[in-house]
Amino acid sequence: MKAPAGLALLSLILLACATGRTRVEVELGMDPARYRRVAVLPFTDRRGQGWLISAKVNKGLFERDYNTVDLHQIESVFKSLKLDYSSGLGIHSLAEIRHATLAEALVFGALDSEWREASVIMIEAEMGDVVFTAKVRPRRGRAFTSIDQVAEETLRLFPWVAQSGPPKTGAAAALAEPE
């Protein structure tokens, strides 16, 4: 299923409103493991910690052998293109971001106002197709207590998606509590 980046962002916001355990859905036909050059965009949150969360996720992905785009490079590209992190990205904008950063995929994140849940979405940088969406909740406690905890729980998604390969069924694969 193909969805423009604007719809992907809307999906991210809608996922932020949902409840339940950590859940990952890989889109049919998408192989998250093939995306190794990743740009992590600043997370959206009401506490103003999005940049710091993204920095920790970016560092963690780098330590897991992802080829990550420097956050300052992302910021520079967005400024030069006059883009906003929270607005939808069109095909032209994605092409510019991909050309400037060589990113194969973009990772967006958002936390609800109480920090009880983070929604994470990966889109491929060529057409804006959704690769996977995830709804992440803290394993300990009812809400995230620090940016480190948000980053840690977000990073737990990536070993699973990197090893999962394409879904084996005719529908999006879902996994509660990835290991």
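The exercises below start with the whole chain and then go into single elements and residues.

This is a predicted model, in which local features need pLDDT of at least 70 and side-chain atom pairs count only at pLDDT 80 or more, while totals for chains, interfaces and linings use all residues. Residues are numbered from 1 along each chain as its sequence is written, and side-chain values use heavy atoms, with hydrogens and water left out.

**Exercise 1. Work out how many helices and strands the protein chain has, and in what pattern they follow each other.**

Step 1: Take helices (H or I, at least four residues) and strands (E, at least two) as DSSP runs, numbered from the N terminus. That gives 6 helices and 7 strands.

Step 2: Go along the sequence and you read α-β-β-α-β-α-α-β-β-β-α-α-β.

Step 3: Now check burial, where buried means under 20% relative accessible area, exposed over 50%, and partly exposed in between (1.4 Å probe, protein chains only). Of the 179 residues, 48% count as buried.

Step 4: Finish with contacts, meaning heavy atoms within 4.5 Å. Among contacts with a separation of 6 or more, 66% come from residues 24 or more positions apart.

**Exercise 2. Describe helix α2: what is its span, and which residues are buried?**

Step 1: α2 runs over residues 50-63, which makes 14 residues. From first C-alpha to last it reaches 20 Å, close to the 20 Å expected at 1.5 Å a residue; the expected span is 1.5 Å times one less than the number of residues.

Step 2: List the buried residues of α2: Gly50, Ile53, Ser54, Val57, Asn58, Gly60 and Leu61. They sit on the same side of α2, because they cover an arc of only 165° around the axis (the arc is that of the directions from the helix axis to the C-beta atoms).

Step 3: The face pointing away from the buried side carries exposed Lys59, Phe62 and Glu63.

Step 4: Look at what follows α2: aspartate 65 has a positive phi, near 70°.

**Exercise 3. Find the aromatic pairs and say which residues form one aromatic cluster.**

Step 1: Know what to look for. A pair of aromatic rings is described by the distance of the centres and the angle of the planes. Rings of Phe, Tyr and Trp (its six-membered ring) pair if their centres lie within 6.5 Å; planes under 30 degrees apart count as stacked, over 60 as edge-to-face and the rest as tilted.

Step 2: The structure has 2 such pairs. In one of them, tyrosine 66 and phenylalanine 158 have ring centres 5.7 Å apart and planes at 85°, so call it edge-to-face. Tyrosine 66 is in the loop between α2 and β3 (67-68), while phenylalanine 158 belongs to helix α6 (residues 157-164), 92 residues apart.

Step 3: Check burial for this pair. Tyrosine 66 is buried at 5% relative accessibility, and phenylalanine 158 is buried at 1%.

Step 4: Phenylalanine 158 also pairs with phenylalanine 132: centres 5.8 Å apart, planes at 75°, so edge-to-face. Phenylalanine 132 is in strand β6 (residues 130-136), 26 residues from phenylalanine 158, and is buried with a relative accessible area of 0%.

**Exercise 4. Find which ring arginine 36 lies over, and which ring the charged end of arginine 47 sits over.**

Step 1: The test is NZ of Lys or CZ of Arg within 6 Å of the ring centre and within 35 degrees of the ring normal.

Step 2: Arginine 36 lies over the face of tyrosine 66, 4.0 Å from the ring centre. Arginine 47 has its charged end over the ring of tryptophan 115, 4.3 Å from the centre.

**Exercise 5. In helix α5 (residues 147-155), is threonine 154 buried or exposed?**

Step 1: Threonine 154 counts as buried, at 0% relative accessibility.

Step 2: Look for a backbone partner. A polar atom of the threonine 154 side chain lies 2.8 Å from the backbone oxygen of valine 150.

Step 3: Leaving out residues up to four places away in sequence, threonine 154 touches Phe43, Val57, Val120 and Val136.

Notes:
A polar contact is a pair of N or O atoms within 3.5 Å; within protein, one must be able to donate a hydrogen and the other to accept it, and residues adjacent in sequence count only if both atoms are side-chain atoms.
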